[in-house]
Amino acid sequence: MKNQHIIYFLALAIILLISGCASPAKMENMTIPSEDWGQYKGSDNLKNNLIVDTVSGGKSTNPLWTSEISNEDYKQAMINSLADAQFLNRSSVNSDYSLSAVLIEVKQPILGASMTVTTIISYSLVENETKKEVFYKKITTPFTAKWNAAFLGVERLRLANEGSARNNIKSLIEHLQELNI
């Protein structure tokens, strides 16, 4: 009986050692690289003319549980990506439009070899003077971190979070590029 308890304890210790600690999605890995955008594509009224207002719905990572996407990191990734795509007014003064985001859901697997995370995020673009919403879109984007992307499952989950968030920002910018204001 005593040996059985020792075996269970050792097995649990090995599992905890192998699983590692969860780390949050990193802002720099959610940001779209500037070389992806090239020349500005979009309405003249939006060029360098919006600010990122609020980002909500994100979560802080509990190192003993799973990787999450925080509001602060997602907001900064949006700011950096929108700046590189030439939508962001860097001075934040006299912007005609404000963009807000709500992380509605981050669908994550509990375990697996390859891990697919799907983010569902809604965006609202408001004209500051009239407070009229001129754009609303709920965007759903998956990303799969393959089994060989990282040894630890918690690391693959973080990579999948970052990839899904990055894909979501990229889709947002593509929609903004098509928007005619």
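How many salt bridges does a search of the whole structure find? The search finds two, and they come up again below.

## About the model

The structure is a predicted model, in which local features need pLDDT of at least 70 and side-chain atom pairs count only at pLDDT 80 or more, while totals for chains, interfaces and linings use all residues. Residues are numbered from 1 along each chain as its sequence is written, and side-chain values use heavy atoms, with hydrogens and water left out.

## The overall plan

Let's begin with the whole chain. The protein chain contains four helices and four strands. Both kinds of element are DSSP runs numbered from the N terminus: helices are H or I runs of at least four residues, and strands are E runs of at least two. Starting at the N terminus, their order is α-α-β-α-β-β-β-α.

The chain has 181 residues, and 39% of them count as buried. Here buried means under 20% relative accessible area, exposed means over 50%, and partly exposed lies in between, with a 1.4 Å probe and protein chains only. About 10300 Å² of the protein chain is accessible surface, and carbon and sulfur atoms hold 55% of that. Accessible areas come from the Shrake-Rupley method with a 1.4 Å probe, and for residues only the protein chains shown count as cover. Among contacts in the protein chain with a separation of 6 or more, 71% are between residues 24 or more positions apart; a contact means heavy atoms within 4.5 Å.

## The sheet and a helix across it

The four strands make an open sheet with mixed pairing, in the order E1-E2-E3-E4. Strand E1 (50-56) and E4 are at the edges; each has a single partner strand, so one side of each has no neighbour in the sheet. From one strand to the next, the twist averages 25 degrees. Two strands pair if DSSP finds at least two bridges between them. In general, strands of a sheet pair through backbone hydrogen bonds, either parallel or antiparallel.

E1 and E2 pair in the parallel sense, over five bridges. Helix H3 lies across E1, E2 and E3, and it runs at about 160 degrees to E1. Such angles run from 0 to 180 degrees between N-to-C directions, using axes that are lines fitted to C-alpha atoms, for helices over the stretch in contact.

Now back to the opening question. A salt bridge is a side-chain nitrogen of Lys or Arg within 4 Å of a carboxyl oxygen of Asp or Glu. One of the two joins the side chains of Glu 155 and Arg 158, at 2.2 Å from N to O. These residues are three apart in helix H4 (residues 153-178), which means that about one helical turn separates them. Glu 155 counts as partly exposed because its relative accessibility is 25%, whereas Arg 158 is buried at 5%.

Arg 158 also meets Glu 162 in a salt bridge, with an N to O distance of 2.6 Å. Both residues lie in helix H4, four residues apart, about one turn of the helix, and both are buried. Through shared partners, the salt bridges join Glu 155, Arg 158 and Glu 162 into one network.

## Loops worth a visit

Two loop residues have a positive phi without being glycines. Gln 86, with a phi of about 70 degrees, is in the loop between helix H3 (71-84) and strand E2 (97-107); its relative accessibility of 23% makes it partly exposed. Lys 131 has a phi near 65 degrees and belongs to the loop between strand E3 (115-127) and strand E4 (133-145). At 62% relative accessibility, Lys 131 is exposed.

Thr 31 is in the loop between helix H2 (27-30) and E1, and is buried, with 14% relative accessible area. Apart from its neighbours within four places in sequence, Thr 31 is in contact with Ala 77, Asn 80, Ser 81 and Arg 166.

## A nonpolar surface patch

On the surface, Val 102, Ile 104 and Tyr 136 form a nonpolar patch, and together they have about 270 Å² of accessible area. Patches are made of residues with over 30% relative accessible area and no salt bridge; like charges are joined within 9 Å, and nonpolar side chains (Val, Leu, Ile, Met, Phe, Trp, Tyr) within 5 Å. Tyr 136 is in strand E4 and is partly exposed, at 46% relative accessible area.
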